[in-house]
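User: Could you walk me through this model? I'd like to talk about pockets, strands and rings.

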Amino acid sequence: MSLRTAVLIVLALVTGCSRNKEPEKKEKDEKVKVAPAASSGAHVDEDEHKGLPTRVRLDPAVIVDAKIKTAPVVREVLAATIDLPGELSSDPNKTARLTALVPGRIEAVNFNEGQTVKKGDVLIVIKVPELGKAKAAFAATAAKAAAARTNAERLQALAEKRLAANQEVLAAKAEADALDAEARAAEEQLRALGTATTGAVGSQLALRAPVAGAVVARDAVVGQAVTADQTLATIADLGEVWFLGRVFEKNLGQVRVGSPAEVQLNAYPKERFTGSVEYLGKQIDPTARTIVARIRLTNRGELLRLGLFGVARVGTAEESKKTPVLVVARSAVTEIGHKPVVFVKQPDGDFDLHEVVLGEGALGKVEIVNGLREGEEAVVEGVFTLKSAVLKSTFGEED
């Protein structure tokens with residue numbers, strides 16, 4: 001075979017392979033479609049979105065199910081705020097300590113730290129040697145009191161028939177009253193220990209959960225000797241917690257009860273928890289020269305843990321001297337590819353993705369330095385659905 005003939009054969013093979021590798025295009029009829037933004041509605045800053053789909057089209061039913069809502073981008077003055085460092089604490093009115101009121105030894109522990117318990121659940125069983133004696137003494141005293149009362153009633157009936165002396169009747173009643181008092185005292189003592197006054201005599205004492213909530217601390221193991229008033233567990237209802245912010249003396253005049261607040265915790269830098277100042281301390285810490293500002297927070301998604309540090313941004317009574325800026329609700333901003341973005345609804349019902357540059361933030365709102373125009377309809381609810389559509393499309397392209 002000549003060299004010329006061999007070259008021709010190789011060229012023919014390469015041409016055939018390239019024809020076989022032409023991509024197949026297939027259209028999908030889906031309720032969610034993601035595509036590059038139309039040129040008529042794009043902004044000059046959208047060139048920075050290269051590599052990401054910038055337009056999302058949703059079926060009307062999906063929009064309703066996702067509860068997507070929009071709000072116009074407005075220009076306004078951000079409210080003046082002050083930052084208060086602090087930490088999370090439980091509400092004392094929703095916190096209880098489980099204690100042993102008498103010395104004994106633990107026979108059973110029916111809970112773990114972090115476990116959620118209901119009010120009245122038996123958490124610990126303690127063997128108290130003296131408890132059996134106390135129950136026996138109550139039973140004996142109650143029986144004697146019943147017998148004395150019956151005898152007094154019998155003598156009263158005889159006295160009415162002049163078959164018994166009145167003095168004898170009075171003595172019998174006095175004895176019955178005294179034994180009744182002793183029985184009631186013994187009963188109250190047993191109830192104070194948290195044990196029933198009925199049933200078989202025994203030395204086991206059941207400690208029950210005084211409130212419903214999560215066990216935040218445990219100091220109890222089987223076989224452990226316990227003393228009176230020893231705390232064996234701490235239970236707290238963490239549905240709501242307190243953020244205890246520190247107000248410096250020089251800033252005391254800027255904070256008021258009822259002022260709106262937005263808390264950002266070190267553990268969750270991208271999360272915000274809203275509340276309001278419900279109490280200001282009456283005494284200044286002589287060392288730090290601060291007072292406590294108490295802010296009640298709802299434990300959204302059980303993210304809040306006791307002791308977490310953070311900062312509360314609290315609205316002040318002072319008027320802000322800043323100039324108006326473009327702002328959107330903080331809920332409108334999300335991150336895609338480690339960049340802040342906002343979805344904007346277009347007149348045709350599609351949603352465009354805009355990369356934005358953020359400025360200052362204040363109480364649920366954030367300044368938009370670049371990326372949006374005044375009057376555009378930014379999505380403030382249902383952002384996660386749109387973000388999921390973009391990410392799903394991106395993953396599909398990578399596959």
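Analyst: Helices (H or I, at least four residues) and strands (E, at least two) are DSSP runs, numbered from the N terminus. This is a predicted model, in which local features need pLDDT of at least 70 and side-chain atom pairs count only at pLDDT 80 or more, while totals for chains, interfaces and linings use all residues. Residues are numbered from 1 along each chain as its sequence is written, and side-chain values use heavy atoms, with hydrogens and water left out.

User: Which elements each supply at least two residues of the lining of the largest pocket?

Analyst: They are β16 (268-280), β20 (333-336), β23 (357-362) and α5 (383-398), and the largest share, four residues, comes from β16.

User: And what is the make-up of that lining, nonpolar, polar and charged?

Analyst: It divides into eight nonpolar, three polar and seven charged residues, where Ala, Val, Leu, Ile, Met, Phe, Trp, Tyr, Cys and Pro count as nonpolar, Asp, Glu, Lys and Arg as charged, and the others, Gly among them, as polar.

User: Switching topic, which strands does β9 pair with?

Analyst: Counting a pair if DSSP finds at least two bridges between two strands, β9 (residues 122-127) runs antiparallel to β7 (residues 104-109), with four bridges, and also pairs in the antiparallel sense with β10 (residues 204-208), over five bridges.

User: Which residues are bridge partners there?

Analyst: R105 has K127 in β9 as its bridge partner, and I124 has L207 in β10.

User: What sits over the ring of W242?

Analyst: The charged end of R294 does, 4.1 Å from the ring centre, the criterion being NZ of Lys or CZ of Arg within 6 Å of the centre and within 35 degrees of the ring normal. R218 likewise lies over the face of F111, at 5.4 Å from the ring centre.
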